[in-house]
Structures are given as structure tokens and as C-alpha cells.
Amino acid sequence: MQIQVLDREGKPVPDAVVVMYPGSTAGAAPSLLQASPTIEQERMRFVPALTVVMPGTTVRFTNQDRWDHHVRGNPAGGAPVAAPGAAVASTNFELRLAGKADGKPANSADVKLDTPGVVLLGCHLHGSMRGHVFVTDSAWTLKTDDNGIARFASVPEGAAQVRVWHAEQLVDLPRKALNVVPGPVLDTVQLSVVPRVRRAPPPVPGNTPGGPMGAYSLAPVPASTHGAHPHPGS
């Protein structure tokens with residue numbers, strides 16, 4: 001079963017999420033997603049920009065930059081972030097990651113994501129940094145490739161539904177009903193938007209610890225300083 005995601009103009013869309021809901025539960029669902037993914041903070045970007053996981057997955061955040069990052073995660077849609085030191089919900093968290101020093105391993109922190117939904121990633125210090133974690137409610141979930149296609153093997157025959165999500169598709173598309181039959185099947189889902197192409201990362205002159213991109217200590221960050229250091233980026 002191949003699902004191709006197209007934009008409003010009919011062009012393939014990479015990095016869309018395709019979720020299959022087979023009507024039959026016969027057979028075990030495949031292991032399509034990484035068990036322990038890592039999201040890098042690198043050149044003021046989240047890499048990858050989109051990560052798809054099953055509930056209960058522990059995601060590692062690693063700062064490869066030589067300046068500090070303050071990673072926050074909250075449910076897409078504007079739910080407030082928990083205060084530093086408070087009990088943190090699985091889709092609502094803050095992390096402080098110091099910059100990488102010469103000759104030392106990059107600093108990292110782990111977050112376990114238990115609740116299906118979309119987590120918006122950001123950085124208080126660098127307002128241009130954006131990323132997403134899609135916590136799926138179906139093991140039959142994949143990201144589309146450069147041709148906009150998600151390829152599923154051994155989907156149970158019979159009625160099924162398909163959900164497609166993209167970060168720039170602000171209004172969720174209705175699920176599409178399909179009938180899975182023996183043999184290869186290619187179907188399409190079209191977005192109502194034309195996603196922007198992610199720009200290449202900016203050059204990083206003066207890439208030194210605490211350099212021009214901003215830095216802070218590991219002491220609690222006063223609320224008044226949040227978002228005080230925006231920088232250009234993608």
C-alpha cells in the first residue's frame with residue numbers, strides 16, 4: 001500500500017505523516033518507527049524537523065551547537081508549558097542543554113512521550129527554531145519520502161482509513177476511506193496548502209561557546225528573559 005501526499009498544486013510533499021488504520025487486526029503490526037530516536041540541535045535547527053514515534057517512546061535531545069539551547073515542548077495548539085521544576089506532562093516539557101565544548105561529548109537529555117498527539121518544539125533563546133514530534137495512535141505510521149510517498153507492506157486486506165498530517169496544514173484533513181486488496185495499491189491525498197521549502201541552515205561564524213548566538217547559565221531562567229534573544233534561521 002503506497003500513499004502519495006500532494007500539495008495544493010499537485011506536487012509531492014515530503015515529511016508529511018501518513019497514518020493507516022486497518023479495519024482488520026489480523027497479524028501483528030510492523031515495527032515501522034525508531035525505538036529510540038534522537039533529535040539534534042544543530043546550526044540552530046531541530047534535526048530532523050519532524051520525528052514520528054509510538055506512545056511510550058523515549059526521545060533524546062542532543063545539542064551539537066557550541067552555544068546553549070533551551071528546548072521546550074508543548075502540545076501543538078498553544079497549551080501552556082509547565083513551570084521549571086514542576087511535574088512535567090509527557091507532551092509538555094522544558095530542557096536546558098549547554099553548548100558542546102571542544103573534545104567533550106554533546107550534552108543530551110531524554111523525554112518519554114506517552115500521549116498521542118503533536119508536540120511543537122521550540123527554543124526560548126532562538127525564536128526561529130521550530131520542530132515537531134508526532135506521537136501516533138497507530139503502529140501503521142510513516143513519514144513521506146522525497147517523492148511524497150509512504151510505503152506500507154503487508155497491510156491487512158479490507159476496509160481501512162488513512163489520516164494525513166502536515167505541520168502547515170492547519171485544519172486537519174478528513175480521514176480517507178480505502179479498500180485494501182491483494183497486490184500493489186497507490187492512492188493519493190492532497191493538502192489544501194503549499195508547504196514552504198525548509199531553507200538551508202545559516203552560516204555560523206564565531207561558533208564559540210557562549211558566542212554570538214546567545215548563552216545562559218544552568219540557573220533558573222527568569223520569565224522576563226524568555227524569548228529575549230531571537231536570531232535569524234529557518
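Start at the second largest pocket, where about 200 Å³ of space lies, a volume being the space filled by probe spheres set on grid points joined across faces, edges and corners. This is a predicted model, in which local features need pLDDT of at least 70 and side-chain atom pairs count only at pLDDT 80 or more, while totals for chains, interfaces and linings use all residues. Residues are numbered from 1 along each chain as its sequence is written, and side-chain values use heavy atoms, with hydrogens and water left out.

Next, select Ala 76, His 132, Trp 165, Ala 167 and Leu 170, which lie nearest the centre of the pocket among the 10 residues that line it. A pocket here is an open set of points on a 1 Å grid over the protein atoms alone, where a 1.4 Å probe fits, with protein on both sides within 12 Å along at least five of seven lines, and lining residues have an atom within 4 Å of a point.

From His 132, move to Leu 50, which stands opposite His 132 in strand 11. Strand 5 pairs with strand 11 (residues 131-135) in the parallel sense over four bridges, where pairing requires at least two DSSP bridges and a strand is a DSSP run of E with at least two residues. Colour the two faces of strand 5 (residues 50-53): Leu 50 and Val 52 on one side, and Thr 51 and Val 53 on the other, are all buried, meaning under 20% relative accessible area with a 1.4 Å probe and protein chains only.

Finally, select Thr 57 in strand 6 (residues 57-63), which counts as buried because its relative accessibility is 8%.

Note on methods. Buried < 20%, exposed > 50% of the residue type's maximum accessible area, 1.4 Å probe, protein only.
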